[in-house]
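Look at the structure below and keep the sequence beside it.

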Amino acid sequence: MIKYLLSLLLTSLTLCGNAQTYLNPGVDTSGIEVQTALKFFNHYLAGFNGKELPDLSKFWEADELKLRTIPDQQIYAINDSPLYSQGYKATILYIKPTDKYIHFKTQFSAVNDSVGNIMTLAVTNHYVALNDKNGPYFINPFTINLGSWQSKHLRNVTFFYPTQHKFNARKADSLIQQIVKLEKNWNLKPIDILYYLANTWDELQKLKGFDFALSMGNREKPSGISDDKDNQVFCAGLGENYFHEVVHVYLNRLYPKSPIREGLAVFYGGSMGHSIDWQLKRVNAYLEKHPEADLNNFEDFWYSDLYTNPGSAIRGLICSIVYKKDGIMGLKRLMSYTSMKDIFKLELKVEDGQWNSYLRKHIKGHY
Ligand SMILES: [Zn+2]
């Protein structure tokens with residue numbers, strides 16, 4: 001009970017700037033080490049302002065910043081705005097001092113409706129080390145969690161995978177061969193890539209530090225994500241050769257304004273574990289059953305399917321059409337357009353209102 005009262009008392013003291021952190025009842029903040037770490041953690045969260053990040057070099061060691069421009073991989077838990085500055089309530093659930101660091105678990109939530117139900121966005125883990133003459137700093141959850149993972153380095157790709165995963169060298173070799181070909185065709189230098197793979201998405205989220213994030217749970221499906229700023233990919237259920245995400249790392253940066261970058265990755269590497277041919281066959285089957293589906297607004301065209309994103313498959317198809325006509329030069333030209341309207345009009349010579357018949361004909365004729 002004393003601990004509980006002490007925590008309630010300290011709740012008001014933990015507010016720091018915009019941080020808006022609150023302590024859950026029962027969290028013991030006694031002791032100078034915990035208080036120093038708490039102050040540091042609050043100071044970090046308070047430094048996030050809209051999309052703006054604090055000076056990360058004040059919180060992360062130089063080695064971490066050399067490996068990643070954004071060492072904290074929990075910042076973008078829900079979208080491209082930092083989780084810590086979207087006005088959610090940050091409740092510190094747990095503070096655990098150990099020999100090496102002070103461990104924080106924090107829940108980010110909001111009241112969801114008029115009857116007070118809580119919506120939880122994420123539960124994060126942060127580790128604050130104090131034993132440094134330069135003051136506190138964060139230890140990355142990756143450093144702690146990768147202790148139970150294996151790694152393998154091949155050419156320019158370092159694969160990280162859970163210990164129970166049996167590394168498939170044949171698949172990894174096939175990825176490397178595709179990378180070499182891509183570099184040659186596009187006249188690009190190798191990029192060092194961190195490739196994290198696991199059977200499930202949840203394992204990858206836990207690796208980043210989450211106990212919970214909105215994208216966790218539900219039925220498993222193959223999924224991946226790329227980060228072309230820090231040259232890393234995360235692939236769940238897709239093994240060692242998910243070329244799609246690697247294509248993003250190489251080519252996204254060349255065409256930041258292109259509306260068809262996802263199509264290029266699908267053209268080269270399929271989507272969600274299946275080739276573009278497989279994807280288009282599925283889209284075609286749907287379209288034949290649904291003559292009312294209107295591809296004149298294909299950017300709004302989608303249907304609920306665990307294994308296909310029709311918009312991405314159609315973008316991949318457009319890449320395939322242009323590649324068949326003019327090869328890599330054609331693809332480079334295609335990627336330089338900044339709107340789908342221009343792509344249809346100037347590249348494909350298809351007028352507004354004709355997209356539906358054009359796309360249906362080509363989706364069907366892709367085989
Ligand atoms: Zn993609």
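The following paragraphs describe a predicted model.

Start with the sheet. Strands of a sheet pair through backbone hydrogen bonds, either parallel or antiparallel. Here 5 strands form an open sheet with mixed pairing, in the order β6-β7-β8-β11-β10. The edges are β6 (149-154) and β10 (223-227); each has a single partner strand, so one side of each is left without a neighbour in the sheet. On average, neighbouring strands of this sheet are turned by 15 degrees against each other, direction ignored.

Two helices can now be placed on the strands. Helix α5 (residues 169-186) lies across β6, β7 (157-162) and β8 (193-198), and runs at about 150 degrees to β7. Helix α6 (residues 201-208) lies across β6, β7, β8, β10 and β11, at about 140 degrees to β11.

The cysteines come last. A disulfide is a covalent bond between the sulfur atoms of two cysteines. How many disulfides does the structure hold? It holds 0 disulfides. For cysteine 235, the nearest cysteine sulfur is that of cysteine 319, 20 Å away. A disulfide requires the two sulfur atoms to be within 2.5 Å, so the sulfur of cysteine 319, at 20 Å from the closest cysteine sulfur, is too far for a bond. Cysteine 235 is buried, its relative accessible area being 0%. Cysteine 319 is buried too, with a relative accessible area of 0%.

How values were computed
Residues numbered from 1 in each chain as written. Predicted model: local features only at pLDDT ≥ 70, side-chain atom pairs only at ≥ 80, totals over all residues. Heavy atoms only, no water. Buried < 20%, exposed > 50% of the residue type's maximum accessible area, 1.4 Å probe, protein only. Pairing = 2+ DSSP bridges. Helix = DSSP H or I, 4+ residues; strand = E, 2+ residues; numbered from the N terminus. Axes fitted to C-alpha atoms, helices over the stretch in contact; angles between N-to-C directions. Contact = heavy atoms within 4.5 Å.
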